[in-house]
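Subject: Structure for your review

Dear colleague,

Please find the structure below, handed over for your own work. My findings follow it, beginning with the domains and ending with the contact between the chains.

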Number of protein chains: 2
Amino acid sequence: MKEFFTVMDVDQVLALVEGFSRAPAEAVGLQEATGRVLAEAVLAGCDLPGFARSTVDGYAVQAASSFGASEGSPALFDVIGTVAMGEEAGVAVAPAQAARIATGGALPPGADSVVMLEHADVLDERTIEVFRSVAPGQHVIAADEDYPAGAVVAAAGRRLRPQDTGVLAAIGTARVDVHRRPRVAIISTGDEIVPVDAVPAHGQIRDVNSFTLAGLVAAAGATPVALGIVPDDFEALRAASARALAACDMVLISGGSSVGARDFTVEVISSFADSRILAHGISISPGKPTILARVLDRPFWGLPGHVASAMIVFARIVRPFLLHIGGIRDPLAQEIRLPARLSRNLASAQGRTDFVRVRVVGGEEGLWAEPVLGKSGLLNTMVKGDGVIEIGKNVEGLEAGARVEVILF
Amino acid sequence: MKEFFTVMDVDQVLALVEGFSRAPAEAVGLQEATGRVLAEAVLAGCDLPGFARSTVDGYAVQAASSFGASEGSPALFDVIGTVAMGEEAGVAVAPAQAARIATGGALPPGADSVVMLEHADVLDERTIEVFRSVAPGQHVIAADEDYPAGAVVAAAGRRLRPQDTGVLAAIGTARVDVHRRPRVAIISTGDEIVPVDAVPAHGQIRDVNSFTLAGLVAAAGATPVALGIVPDDFEALRAASARALAACDMVLISGGSSVGARDFTVEVISSFADSRILAHGISISPGKPTILARVLDRPFWGLPGHVASAMIVFARIVRPFLLHIGGIRDPLAQEIRLPARLSRNLASAQGRTDFVRVRVVGGEEGLWAEPVLGKSGLLNTMVKGDGVIEIGKNVEGLEAGARVEVILF
């Protein structure tokens with residue numbers, strides 16, 4: 001039943017990301033689109049803004065009529081009317097004529113530029129004096145200047161930010177094809193684990209991982225499906241895993257980092273016909289006992305039982321897989337890392353990637369990463385910390401003042 | 001009807017944050033708590049983890065029995081049993097005795113430390129040889145080491161991260177008091193604005209701001225309430241504002257940055273009995289025509305019509321007000337700013353705070369902020385950009401290579 005013990009590097013594991021399938025597409029209304037991942041590129045069906053628009057409050061004119069205008073020698077213009085917002089211009093502008101126009105108004109025929117309100121004096125109802133010249137196109141957005149027809153306004157595989165959704169609105173995309181949110185099954189294992197509303201007996205602890213992993217899954221844009229607590233028992237774990245595989249795109253089992261429990265997870269994985277252990281151990285600390293398998297084309301993870309270890313493995317390794325399944329095209333580039341400097345020397349073992357919890361504090365010369373002291377099994381180190389820094393496997397340690405990057409969580 | 005034209009600095013406006021009330025508390029189940037803001041501090045009702053726990057797989061012993069043990073001179077221990085996970089220890093450990101224990105197991109009476117599996121050889125079913133000594137407390141988390149009873153595990157006014165929710169689970173908090181999510185009314189004004197599913201006539205554009213602002217509001221942890229498009233008309237805008245004030249904790253009116261439309265917003269605000277204009281213009285670019293009023297104790301904003309300007313005003317100025325109403329105790333410290341260096345010289349006017357859209361690119365010596373060129377009224381500059389940098393009001397400009405901080409969005 002047991003397979004070879006295959007300990008992999010972080011990079012080797014991350015190279016497996018592309019081997020899994022993306023969640024299928026579904027159409028959603030644009031008011032639900034922000035935060036979702038586009039399944040197909042969206043092209044502009046027509047020019048945007050679609051007409052030449054003024055960027056200021058002022059007077060639409062032919063620029064040539066203003067050439068040479070100055071405080072000492074202003075140019076005179078006949079005011080022939082006003083451009084009503086949102087309406088076809090009712091006036092055409094000839095040389096030495098001007099039409100009142102507000103920010104966002106459509107340039108009337110004949111006009112090629114706009115004189116700002118501040119650069120004109122009103123002589124009477126029909127006449128203004130302009131004392132600064134404008135160039136053709138000045139204070140105007142051309143009809144196709146934002147996006148020409150056919151331009152890609154949003155690429156496939158991008159998570160829509162508020163401004164991306166705004167552009168989709170501008171081109172009239174009332175519904176949009178996005179990847180379905182991946183569903184992620186979360187199973188906590190361990191004979192010592194009891195539900196949050198139970199009173200633990202001596203030796204028992206409440207289920208922390210289900211809540212923490214659910215929060216991380218949701219923050220990655222996916223839907224957590226908490227399947228509860230399963231005892232360290234082959235049949236129970238297999239039944240829960242089968243339910244998870246039937247309903248979800250990814251399975252996270254956490255707990256069971258002790259040797260015997262880990263064997264259960266491997267046995268359960270191997271009991272599914274279409275399964276393969278990809279990594280049995282990752283050369284990271286904390287998080288070494290992590291298991292990654294492919295079961296029915298889904299990533300199936302055995303995460304450490306300590307929530308701090310599970311969080312670090314999630315942030316650095318599981319999350320890119322989840323982003324990929326959710327449709328993100330460049331999942332390894334999606335992490336925000338905050339540049340900082342290390343506040344003190346840190347030792348590290350060669351041959352494995354070490355993660356150290358840190359607090360980020362402002363100081364002279366920018367941000368500093370202060371290691372949070374305490375045993376790795378404590379919850380409070382994750383609460384006190386703002387994130388972790390990564391010490392590469394070929395690095396023996398870092399000196400105070402070294403430049404580091406904080407993976408926030 | 002008109003009040004004095006009160007242009008304020010960014011800092012003057014932000015100093016008004018504390019003058020508004022926070023949203024009231026409501027109880028939610030812990031599975032919905034991540035991302036919400038705690039209304040009251042939560043204290044540990046008992047010690048955590050509540051019993052001395054092993055942090056490794058190994059043997060629970062009295063440390064003194066291992067003193068002096070080495071490869072050359074191992075210490076012998078009688079193995080008297082196994083600690084079952086989640087159960088009261090059935091054995092007590094005397095000198096030179098050991099009990100098998102897995103990671104997370106409860107230390108049995110008598111034991112004060114754990115020898116790692118790797119540091120012992122099994123001689124027979126009842127005997128091990130330990131070849132490395134342990135200190136008292138080694139590989140053990142004490143019963144109150146994570147949180148002693150009475151300790152604050154989560155402070156009021158903090159947005160719960162996944163790990164915070166995990167700790168609340170650990171202490172048995174199945175329901176938690178959080179601030180109600182602020183409801184934010186969003187109104188787009190402008191005679192030229194048509195809905196996303198309409199085909200704009202010449203001079204019309206679709207409503208971009210409702211979608212973009214809704215996304216920003218949601219990302220700040222609040223609930224957007226889009227009230228649609230209102231023409232530039234006093235009665236229509238007053239009716240929409242009355243509906244907004246009846247249902248929401250904050251009102252965002254965007255559009256109407258032209259002089260006449262802005263007057264409407266001011267007139268509408270002044271038409272409510274309990275109202276006061278706090279800022280009529282902010283010395284920032286873009287975003288100068290922003291209006292902030294207090295109406296019925298709610299912040300009531302008139303935002304610029306250009307979506308790019310509205311986004312910048314939201315990110316830098318509106319958002320802290322929204323976080324405050326949502327219960328965040330230190331809203332001005334909640335913004336992640338990414339340190340980077342400027343890729344080229346930038347001019348800036350003194351006396352106002354300038355915001356410049358930038359793309360963040362990796363390079364030698366870390367991250368670089370590359371200004372995104374293009375007129376401020378374009379949508380594509382916000383899509384191409386990763387955020388903005390701020391040039392202070394007393395700064396005349398920045399040179400290439402200057403250290404800057406990017407406000408991401």
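In this predicted model, eight residues of domain 1 of chain A are in contact with seven residues of domain 2 of chain A. On the side of domain 1 of chain A that touches domain 2 of chain A, two residues are nonpolar, three are polar and three are charged. The C-alpha centres of these two domains of chain A are 34 Å apart.

As for the bounds, domain 1 of chain A consists of 10-24 + 180-333 and domain 2 of 35-47 + 145-179. Chain A also has domain 3 (53-141) and domain 4 (337-408).

Turning to the two chains, chain A and chain B each give 71 residues to their contact. On the side of chain A that touches chain B, the elements giving two or more residues include α2 (162-170), α3 (209-219), α6 (307-325) and β22 (337-342) of chain A. The largest share of that side comes from α2(A), with eight residues. By class, the side of chain A that touches chain B holds 34 nonpolar, 23 polar and 14 charged residues.

How are the copies related? Chain A is superposed on chain B by a rotation of 180 degrees with 0.0 Å of shift along its axis, at an RMSD of 0.0 Å. The two copies are therefore related as by a two-fold rotation axis. Moreover, 100% of the interface residues of chain A are also interface residues in chain B, so the copies meet through the same surface.

With kind regards

Methods. Residues numbered from 1 in each chain as written. Chains lettered and ligands numbered in written order. Predicted model: local features only at pLDDT ≥ 70, side-chain atom pairs only at ≥ 80, totals over all residues. Helix = DSSP H or I, 4+ residues; strand = E, 2+ residues; numbered from the N terminus. Nonpolar A, V, L, I, M, F, W, Y, C, P; charged D, E, K, R; others polar. Least-squares fit on C-alpha atoms with pLDDT ≥ 70 in both. Domains from an automatic or database assignment.
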